[in-house]
Amino acid sequence: MEEPEDSCVEILDRLAGDLKAVFAAQGVSEPQAREILRASCAALVTKRRRPADPDGWLFHAIVEKCWRLKEEEAARADAPE
């Protein structure tokens, strides 16, 4: 019998401390963090094949979304008005 797969909530509980540090280091607001978490969990849940390391996959996806958010904000700040 297969082991039950961890839910996103369980994975996020395990990653909570590390994610708080990432959000703080990247200057991500609470609403932005909620949206990043929602989008990342949705991406994990809808994957056809479950990653071998769902914790690592989700953490990496969240970090990448934080980086992209900061790049987009920097680009908007640099854009002429």
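What share of the contacts in the chain with a separation of 6 or more is accounted for by residues 24 or more positions apart? In this predicted model, the share is 68%.

The chain has three helices and zero strands. Read along the sequence, the pattern is α-α-α. Along the principal axes, the C-alpha atoms fill a box of roughly 60 × 25 × 20 Å. The chain has 81 residues, and 27% of them count as buried. Its accessible surface comes to about 6,000 Å². Carbon and sulfur atoms hold 54% of that surface.

Helix 1 covers residues 8-26. A straight helix of 19 residues would span 27 Å at 1.5 Å a residue, but helix 1 spans only 22 Å between its end C-alpha atoms. Helix 1 also has a kink of about 65°, centred on alanine 16. Its buried residues are Cys8, Ile11, Leu12, Leu15, Leu19, Val22 and Phe23. Helix 2 and helix 3 are among the elements that cover them. After helix 1 comes glycine 27. The phi of glycine 27 is positive, near 70°.

Helix 2 runs over residues 30-46 and has 17 residues. From first C-alpha to last, helix 2 reaches 24 Å, close to the 24 Å expected at 1.5 Å a residue. Five of its residues are named as buried: Ala33, Ile36, Ser40, Cys41 and Leu44. Seen down the axis of helix 2, these buried residues fall within an arc of 125°, so they line one face of the helix. An α-helix has 3.6 residues a turn, so residues three or four places apart point the same way. The buried residues of helix 2 pack against helix 1 and helix 3. Exposed Val45 and Thr46 sit on the face of helix 2 turned away from its buried side.

In soluble globular proteins, nonpolar side chains tend to be buried together. Here the largest nonpolar core has 17 residues. Those with the most contacts inside this core are Phe23, Val28, Ile36, Leu58, Ile62 and Cys66. Helix 1, helix 2 and helix 3 are the elements that give two or more residues to the core. Helix 1 provides the largest share, seven residues. Phenylalanine 23 shows how the parts meet. Leaving aside neighbours within four places in sequence, phenylalanine 23 is in contact with Val28, Ala33, Ile36, Leu37, Ile62 and Cys66.

Aspartate 55 counts as buried because its relative accessibility is 18%, and buried means under 20%. Not counting residues up to four places away in sequence, aspartate 55 touches Ile11, Arg14 and Leu15. Of these, Ile11 and Leu15 are among the buried residues of helix 1.

Arginine 49 is exposed, with a relative accessible area of 72%. Arginine 49 and lysine 70 are 21 residues apart in sequence. In space, the two are 29 Å apart, C-alpha to C-alpha.

Key. Residues are numbered from 1 along each chain as its sequence is written. This is a predicted model: local features need pLDDT of at least 70, side-chain atom pairs count only at pLDDT 80 or more; totals for chains, interfaces and linings use all residues. Side-chain values use heavy atoms; hydrogens and water are left out. Helices (H or I, at least four residues) and strands (E, at least two) are DSSP runs, numbered from the N terminus. The expected span of a helix is 1.5 Å times one less than its number of residues. Buried means under 20% relative accessible area, exposed over 50%, partly exposed in between (1.4 Å probe, protein chains only). The arc is that of the directions from the helix axis to the C-beta atoms. Contact means heavy atoms within 4.5 Å. The bend at a residue is the angle between axes fitted to the seven residues ending there and the seven starting there. A nonpolar core is a set of buried Ala, Val, Leu, Ile, Met, Phe, Trp, Tyr and Cys residues joined through side-chain atoms within 4.5 Å. Accessible areas come from the Shrake-Rupley method with a 1.4 Å probe; for residues, only the protein chains shown count as cover.
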